[in-house]
Amino acid sequence: FMEKWHRAVEKEYPNLGVFGECWMETTSSQAFFAKNEFRTKQKGVLPTTIDFQFYAAAQKAFTEDFGWDTGLMRLYYMLVQDFMYKDAYQNVLFLDNHDVGRYASTVKNDVAKMKMAMALMLTTRGIPSIYYGTEIMMQNDFDWGNHDKVREEFPGGWDDHPKNKFTAEGRSESENEIWNYIAKIANYRKAHTALQTGKLIQFVPENGTYIYFRYNENEKFMIVLNTNKDETTLETARFEEMLKGVSSATNIITDETTNSISVLKLTGKSASIWALK
């Protein structure tokens, strides 16, 4: 039915954006419902689906210890399966929604882990979708018997709310910290097409760090995730194919600029987004 529905809608409104919620446990079963190159009798017609594979990987990437197939490696293995989609860059990304526990609860209210996850979602391939309240780290574990727990009202200064979280004055210090962090990256993304539609190349995570690049003809970015608790030294020689000819790099989060990128000092539990020149 949904395939017939979408074909009819697409014919009438070819520029209408449509995506579907396909809650699947594997990439192949998710890609089955999207436009792909594998179905022969009846190809998937959805331009894109909500990316539950990204969600599943992000749930573990910053909560598990780094290992051969745990922690950051889950992101790597998730992305290497993108060949199953016709265009994985159209996948809709999310960390939490109305049917699952809030991400702040997943990371036990750890602001640093929340920042890494949001930086990832706003810079990797795909279309980010931020569930209301995630920007101030609203918490609640999911309860199958009570969906209301993850669908509670946003504390927006309504008559029965003592505070208005729409304003900086109504938010706590930590809430403003994550709010401002997300706003800075999101606005930067909005102004730079390489972070929206640019190609992605990733490198196998090592020693608790994960590095990938977004780039197009006009700009290039290096994104570095460091899940180690302590400061980490990153030697960048193995990324030479992407760093060749680069003379400087600016961290868009801290506004720090460096002319020496052969070795980077990474703050523990942090994300850095480097605009390369």
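**Ground rules.** I am looking at a predicted model, where local features need pLDDT of at least 70, side-chain atom pairs count only at pLDDT 80 or more, and totals for chains, interfaces and linings use all residues. Residues are numbered from 1 along each chain as its sequence is written, and side-chain values use heavy atoms, leaving out hydrogens and water.

**Entry 1: helix H3.** I looked up H3, residues 52-61. Helices are DSSP runs of H or I with at least four residues, strands are runs of E with at least two, and both are numbered from the N terminus. Eight of the 10 residues in H3 are buried, so the rest of the structure largely encloses this helix. Buried means under 20% relative accessible area, exposed means over 50%, and partly exposed lies in between (1.4 Å probe, protein chains only). Among the buried ones I noted Phe52, Phe54 and Tyr55. What do they pack against? The buried residues of H3 pack against helices H2, H4, H5 and H6 and strand E1. Contact here means heavy atoms within 4.5 Å.

**Entry 2: serine 129.** I found serine 129 in the loop between E2 and H7. Serine 129 is partly exposed, at 32% relative accessible area. Not counting residues up to four places away in sequence, serine 129 touches Val92, Leu93, Phe94 and Met121. I also checked serine 248: from serine 129 it is 119 residues away in sequence and 32 Å away in space, C-alpha to C-alpha.

**Entry 3: aspartate 159.** Is aspartate 159 buried or exposed? Aspartate 159 is exposed, with 87% relative accessible area. I placed aspartate 159 in the loop between strand E2 (127-128) and helix H7 (173-191).
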